[in-house]
Amino acid sequence: MSILNALRSDSYVDISQYRDQHFKGNRYEQEKLLKLSCSLYVGNLSFYTTEEQVYELFSKSGDVKRIVMGLDKVKKTACGFCFVEYYTRADSEHAMRFVNGTRLDDRIIRTDWDAGFKEGRQYGRGKSGGQVRDEYRQDYDPARGGYGKIIKK
């Protein structure tokens with residue numbers, strides 16, 4: 001990478017190494033969508049965080065088109081993530097720069113680019129209905145349902 005490219009680089013706006021393994025298409029198509037996307041995945045939310053709280057925080061970065069809260073596929077209750085879609089790439093870049101790593105509901109949230117929300121993705125992919133990461137968690141986290149699901153058994 002040249003010095004000029006390094007100066008133009010913005011680690012908050014660059015796409016991360018994470019890729020959705022359930023993406024329907026090849027890696028090239030996914031990368032192209034991520035680079036043009038106005039949608040963000042938001043993780044590490046409390047199960048008690050509301051859509052209104054998410055809107056209040058993310059609307060500070062620009063005009064929010066819609067918010068889709070992540071749900072436990074069995075219980076249909078919040079399970080700690082959501083998707084935030086903006087009208088413009090610039091607004092979504094602002095959120096990546098300024099909202100990622102901030103505190104919401106006393107939790108440090110993380111944002112990442114999303115290739116675009118499709119119906120069905122709002123449900124947790126874990127065996128118990130929630131997020132996979134909550135099944136293997138060994139610590140007690142009252143904002144995410146207590147101990148991990150595997151530990152409870």
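## Aromatic pairs and their surroundings

Searching the whole structure turns up four aromatic pairs, where rings of Phe, Tyr and Trp (its six-membered ring) pair if their centres lie within 6.5 Å, and planes under 30 degrees apart count as stacked, over 60 as edge-to-face and the rest as tilted. The model is predicted, so local features need pLDDT of at least 70 and side-chain atom pairs count only at pLDDT 80 or more, while totals for chains, interfaces and linings use all residues. Residues are numbered from 1 along each chain as its sequence is written, and side-chain values use heavy atoms, with hydrogens and water left out.

Two of the pairs involve Phe 83, as the table shows.

| Pair | Centre to centre | Angle between planes | Class |
|---|---|---|---|
| Tyr 41 and Phe 83 | 5.9 Å | 70 degrees | edge-to-face |
| Phe 83 and Phe 117 | 5.3 Å | 55 degrees | tilted |

Tyr 41 belongs to strand 1 (residues 39-43) and Phe 83 to strand 3 (residues 78-86), so that pair links distant parts of the chain, 42 residues apart, strands being DSSP runs of E with at least two residues and helices runs of H or I with at least four, numbered from the N terminus. Ring pairs join Tyr 41, Phe 81, Phe 83 and Phe 117 into a cluster.

Phe 83 is buried, with a relative accessible area of 4%, where buried means under 20%, exposed over 50% and partly exposed in between (1.4 Å probe, protein chains only). Phe 117 is buried as well.

The structure holds zero disulfides, a disulfide being a pair of cysteine sulfur atoms within 2.5 Å. Cys 82 is buried at 0% relative accessible area, and Cys 38 is buried at 18%.
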